[in-house]
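Please open the model in a viewer and keep the selection panel at hand.

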Amino acid sequence: MAEGSQQLEWKRVARALATPVTLLVLLAILYFGARWGYRNLTAAVPPAPVASCTPQSVGSVLPSSRVTVNIYNGSTTQGLAANVSRTMKARGFIVEIVDNTEEKVEGTVVVGVSKDDPAVKLVAAQLVGATIKEDGVTDGVIDIMVGSKFAGYTKTPSPWQIEVKDNPCLLPPSETPTPSARTTPGATPS
């Protein structure tokens, strides 16, 4: 009988230990699960991938109607970017974003992949005294930053186009422009 009472005692001890051990295991799972969830909930959202342009066949001339621009106001003049966007739209350009930038600009800066890019040259040719700044971003979108000394528009005759030798890197044509994932330079609400 001593053996039977030992076995009974062992079962009682095992049962008494099983509950706290199970509780500790469940608490550990809960702790690590909550920690993982909190870390993922508070993690920064990764930026969307930047849309990449593809060489587009446009023939021997690149028309303004195939060039996408973003326009940023880098001055204290309210509505300057909106005014520039109306003129650029009237000249056939696709205007994607109109916003302010915290970067203070004096004149007019055209920002694009390269100074030799035909779309960059076409945009710069529309704006008096525009300087070109290369950013190396191959998204097919040209940024125009207008500042406090914005000098206006050139008297370039219509149609607004530029001769090209190779197929320029452009966004594919679409019915409605979709915002690229490009980061706005210090954007603030307009």
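**Confidence across the chain**

Begin by colouring the protein chain by pLDDT: the mean is highest in strand E3, at 96, and lowest in strand E10 (residues 187–188), at 48. This is a predicted model, and the protein chain averages a pLDDT of 85, with 87% of the residues scoring at least 70.

Next, select residues 175–181. Here pLDDT stays under 50, and the model has 10 contacts beyond four places in sequence for this stretch.

**The whole chain**

Of the contacts with a separation of 6 or more, 81% join residues 24 or more positions apart.

Now display the surface. The protein chain exposes about 12,100 Å², of which carbon and sulfur atoms supply 60%. Buried residues account for 31% of the 190 residues.

**The nonpolar cores**

Hide the surface and select Val67, Val69, Ile71, Met88, Val123, Ile142 and Ile144. Within the largest nonpolar core, which has 23 residues, these touch the most other members. Then highlight strand E3 (68–73), helix H2 (80–90), helix H3 (118–124) and strand E7 (141–146), each of which supplies at least two residues of this core. Which element provides the largest share of this core? It is H3, with 5 residues.

Finally, select Ile97, Val105, Val109 and Met145. They are among the 6 residues of a second, separate core.

How values were computed
Residues are numbered from 1 along each chain as its sequence is written. This is a predicted model: local features need pLDDT of at least 70, side-chain atom pairs count only at pLDDT 80 or more; totals for chains, interfaces and linings use all residues. Side-chain values use heavy atoms; hydrogens and water are left out. A nonpolar core is a set of buried Ala, Val, Leu, Ile, Met, Phe, Trp, Tyr and Cys residues joined through side-chain atoms within 4.5 Å. Buried means under 20% relative accessible area, exposed over 50%, partly exposed in between (1.4 Å probe, protein chains only). Helices (H or I, at least four residues) and strands (E, at least two) are DSSP runs, numbered from the N terminus. Contact means heavy atoms within 4.5 Å. Accessible areas come from the Shrake-Rupley method with a 1.4 Å probe; for residues, only the protein chains shown count as cover. pLDDT is the predictor's confidence in each residue, from 0 to 100.
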